[in-house]
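Have a look at the model first, then read on.

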Amino acid sequence: MTNDETSTQFIVAVRPRLSDCEVCVRSAHFSLVRSEGRPVAHGYRQRMDRLADDVWHLPLAPRNSVNAYVIGDVLIDAGVKFMGGRAVAAARARGVTSHLLTHAHLDHAGGSARVVRELGLPGVAVGAGDASDVARGISALPAGTPRLVQRLTGHFDPVPVERELREGDIVGPGFVVLDVPGHSRGHIAFWREADRVLIAGDVFFNLNVLTTMPGLRPPIARVTADPALNRRSMRRIAELEPSVVGFGHGPVVRGAAPKLAAAVAALPPD
Ligand SMILES: [Zn+2]
């Protein structure tokens, strides 16, 4: 490990609206872009934290409430639609050439149509079980969800699927695809055994979505296709004893193995 391991970079996802924006002046999350001292644009100040060799964490929203990652030249997830510009800016800064999704939910795939369009990519790679939902822009809610709720809240801009991923496929700098279904039918995670780094998506949440307090827990049942199946995936991931784990929601966890073990020990027996 080098000193670079903990390095942090910022890039600004510019919004092309001339402004002397008070929000930018006051906020750690926004920045003014100046030319010859005058504000010419404003934008979100996208942070990128290096987690391990060739692995970067992109908190797309404050308090790590929505995350994306870059492994090598691969962008994993892109947040909700309005975060797509942030994902594009970070992807450009990291020289991204392909885009993967952990699963077909609107808070991960919502920014993907813009990423694919602006980076000129043929499409995304996604777990085989979620491919048709990504191609149709359907953010599937559990069986029994009222149809009106599904219609009002269960959609994002459709994205072409370039590749369907399966257990054992290799992506990016030495990451193996894990089939970890439950939160969605085709949810996948990315595991690099050499340094025990895992990008887990939403198999766990590391955030209470109401209070934004960190803490490992199962994903919200209301948006989880099969909670019992997801608990099986949680146990599988804990048994890998990962060292560094990145989640879709909540801060990255280091020294993760005992924390994940404690979280799955608290689950109801299946
Ligand atoms: Zn999510």
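## The loop between β4 and β5

R63 sits in the loop between β4 (55-59) and β5 (67-71); strands here are DSSP runs of E, at least two residues long, and helices are H or I runs of at least four, both numbered from the N terminus. This is a predicted model, where local features need pLDDT of at least 70, side-chain atom pairs count only at pLDDT 80 or more, and totals for chains, interfaces and linings use all residues. Residues are numbered from 1 along each chain as its sequence is written.

R63 isn't a glycine, yet it has a positive phi of about 60°. N64 lies in the loop between β4 and β5 too, and this non-glycine has a positive phi of about 55°.

Buried or partly exposed: which is R63? R63 counts as partly exposed because it has 14 C-beta neighbours inside 10 Å. N64 is buried, with 22 other C-beta atoms within 10 Å. (Buried takes 20 or more other C-beta atoms within 10 Å of a residue's own, exposed 12 or fewer, partly exposed in between; C-beta atoms are placed from the backbone.)

Strands β2 (residues 30-35) and β3 (residues 38-52) run antiparallel, joined by six bridges; pairing takes at least two DSSP bridges between two strands. F30 has Y44 in β3 as its bridge partner. Two residues separate the strands in this hairpin, and E36 takes a positive phi near 50°.

## Helix α2

Eight of the ten residues of α2 (residues 84-93) are buried, so this helix is mostly covered. Among the buried ones are G84, R86 and V88. Their cover includes β1 (8-15), β3 and α4 (112-119), with contact meaning C-beta atoms, placed from the backbone, within 7 Å. Just after α2, G95 takes a positive phi of about 70°.

Methods:
Two residues are in contact if their C-beta atoms, placed from the backbone, lie within 7 Å.
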